[in-house]
Amino acid sequence: MNASVPLSLENVTKRYGQTLALKPTSLHVAPGEMLALLGPSGCGKTTTLRIIAGFSMPNTGSVLIGGVDVTELPPNRRGLGMVFQNYSLFPHMTVGQNVAYGLKTRGMPAAERTKKVRAMLDLVRLSNFEDRSIHQMSGGQQQRVALARSLVTDPKVLLLDEPLGALDRNLRESMQFELRAIQRRLGITSIIVTHDQEEALTMSDRIAVMAEGEIVQVGTPIDIYERPQSQFVSEFLGTANIFDGTLAGPAEAGMWNVRLTLPNAPVVKVAGPPSLRGSSAIRVAVRPERLAISPESTQLRANVRGIVFRGSYYAYELDLPGLEKPIYVYSGEKTVAANDGTIGLGWPDEYAIMLSDGGVR
Amino acid sequence: MTTIVTTPQVIERRQKGPGWGQVLLAAYVLLFFAFLLLPIAIVVLVSFSSSSFIVFPMPGFSTQWYYRIVEYRPFMQSLLVSVEIALLSALAGTVLGVPAAIWAVRANTNAAQVFTNVMLAPISVPAILLGFSLLYMLSALTLGVSFLSLLITHTVVAIPYISRTVLAVYRGIPADYEEAAAVLGASRAQIFFQITMPLIKPGIFAGALFSVLISLDNLPLSFFFGGASSSSLPVVMLSYMQNQFDPSIAAIATVQMLIAIVALGIVNAIYGVDKLTAA
């Protein structure tokens, strides 16, 4: 029971009928941290958020806020803030009344309320919008009203449920930065639920990737992206080229030789734990932007299936003999294939990622 | 082949006039409204007749029948009973029907499903049967033929009208609003009165209005409970017509119609009828 941990989950599970929506899950969020729960729909991230908010009672385990067990407390007594996917601004109230609502339920005198509401609307750059009706606000403005409403009560933890999902692309990007800036300035501990990997990478200090009712990996955005532990994580965050192989023996410090399951059995070096034995099966992932292509001959030769210009880079789709799925390469330059239509493929050793399992699903 | 037009010219396209189809449609709409409104218009007209029995075309104009209905005590007394019953049953129906609807929507159980269907029973059973069985039951409860019995009977019918419309409106409102209020510290009571109620108000208004109009005009139920202090206007009108056939019946019908129109007008002024029908 550590009072300095703003939010922790201890072995929380949730069952709906026969299905286990949330397998035993523990999670600790540090003060001022923004933690993303990232995963495809049905992975349990929303269930987790609803348990934290108090809308859903876990079957086992407990929820602690500031070291206090709140598992049995109803949502209105947990002192949290929450931004909903569709904002859920009360349509029968003005912008000011919406923001003031949380203060009203706490019985704050009107004068003090007005002052706090104004300050909060200033913070989200909506000064002078107090008397507007909700219908007069654009999507981005509604989003900011929802944020102001959830922050005005000084919540212990801020919960964000797909907060930017309803905005168009450009607005979403600018809101990501703005939301993050406000969160940092207030130093408020936050949990953001999202299925958008880019949002998770942009906005959070740590990401908890969820799949099939459990957290499969927790780490900083760079950690998760550069060192995914499973094929699922490597493919859910960004694109990954997957190669199968077998252990061929130790190379230099911390590195292993891996013989890829490809026509002339090329051997590559991959960093891995010292505990590996024998000729176990190894799965290797390499990010498309880490792959290098050249017209010259290298160990791997692929056929060019297509090249797409994507603005800041070219996306190559390559066929590698012996692989069913195509290989993707992102490159800033346009590389010309050799006369026989093939292209050389390789990568610096440090960018090969050894996956510790065959991947969830 | 390409033709190059050197002098750009504006070509006025011939605008099509109304075709046969449109003329027919207009005629149909006109006929439709005539069919709908003509009988009502004739009732209103006849109420101003100078003849002492209902005849059309009427021989002359007079307001005597309006004096007659004011002087004829049963009409005024039963009109008062009808209005009281209509308003009170709508109120009781709201108090009883709204919580039922709210539960039925949010409780995601089979029982709620069954309940939603059963709730409509009072308006699916023939009204005569319902009135008859209620008379039996209320007599057994020693209430018999009384104002209270009449009120209970009308409330039984008001509940489905109100809860059904509230149900439809409330179904369209996501639980998010209530959850948002809960996170903001609102208690169950605060959520209900400050969030849920304002959101379902169109449904309550619409349902209550329906139930008032249905109650004002209900004969088969009221018929069983027509005592000295509990005869509603339609019951008195029916018995009047069995003996006499003078235009005062048209006059009282016009008054009744006026009440309904005024009620709609008030609701429209406060709320807007378009919002009711949207519900």
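Guide: Two residues are in contact when they have heavy atoms within 4.5 Å of each other. The model is predicted, so local features need pLDDT of at least 70 and side-chain atom pairs count only at pLDDT 80 or more, while totals for chains, interfaces and linings use all residues. Residues are numbered from 1 along each chain as written, chains are lettered from A and ligands numbered from 1 in written order, and side-chain values use heavy atoms, leaving out hydrogens and water.

Start with B:S78, which sits in helix α3, residues 73-106 of chain B (helices are DSSP runs of H or I, at least four residues, numbered from the N terminus). With a relative accessible area of 2%, B:S78 is buried (under 20%, 1.4 Å probe, protein chains only). Apart from residues up to four places away in sequence, B:S78 touches B:S231, B:S232, B:L233 and B:V236. The C-alpha atom of B:A228, 150 residues away along the chain, is 9.5 Å from that of B:S78. The side chain of B:S78 also reaches the backbone oxygen of B:P74, at 2.8 Å.

The next residue to look at is B:T196, in helix α9 (residues 188-216) of chain B. B:T196 is buried, because its relative accessible area is 4%. Once neighbours within four places in sequence are set aside, B:T196 is in contact with B:I102, B:Y170, B:E178 and B:I191. With B:E178 there is a polar contact between the two side chains, at 2.8 Å (an N or O pair within 3.5 Å, one able to donate a hydrogen and the other to accept it; residues adjacent in sequence count only through side-chain atoms).

Searching the whole structure gives 2 cavities of 30 Å³ or more (sets of points on a 1 Å grid where a 1.4 Å probe fits but cannot get out, lined by residues with an atom within 4 Å of a point; the volume is that of probe spheres set on the points). The largest cavity has a volume of about 40 Å³. Its lining includes B:H154, B:V157, B:S211, B:I214 and B:L221. Helix α9, which holds B:T196, and α7 (147-171) of chain B each supply at least two residues of that lining.

The second largest cavity holds about 30 Å³. From chain A, its lining takes A:M82, A:F84, A:R149 and A:S150; from chain B, it takes B:A180, B:V183 and B:L184. Helix α4 (139-151) of chain A and α8 (176-183) of chain B each supply at least two of the lining residues.

How values were computed: Buried < 20%, exposed > 50% of the residue type's maximum accessible area, 1.4 Å probe, protein only. 1 Å grid on protein atoms, 1.4 Å probe; cavity = no way out; pocket = protein on both sides within 12 Å on 5 of 7 lines; lining within 4 Å.
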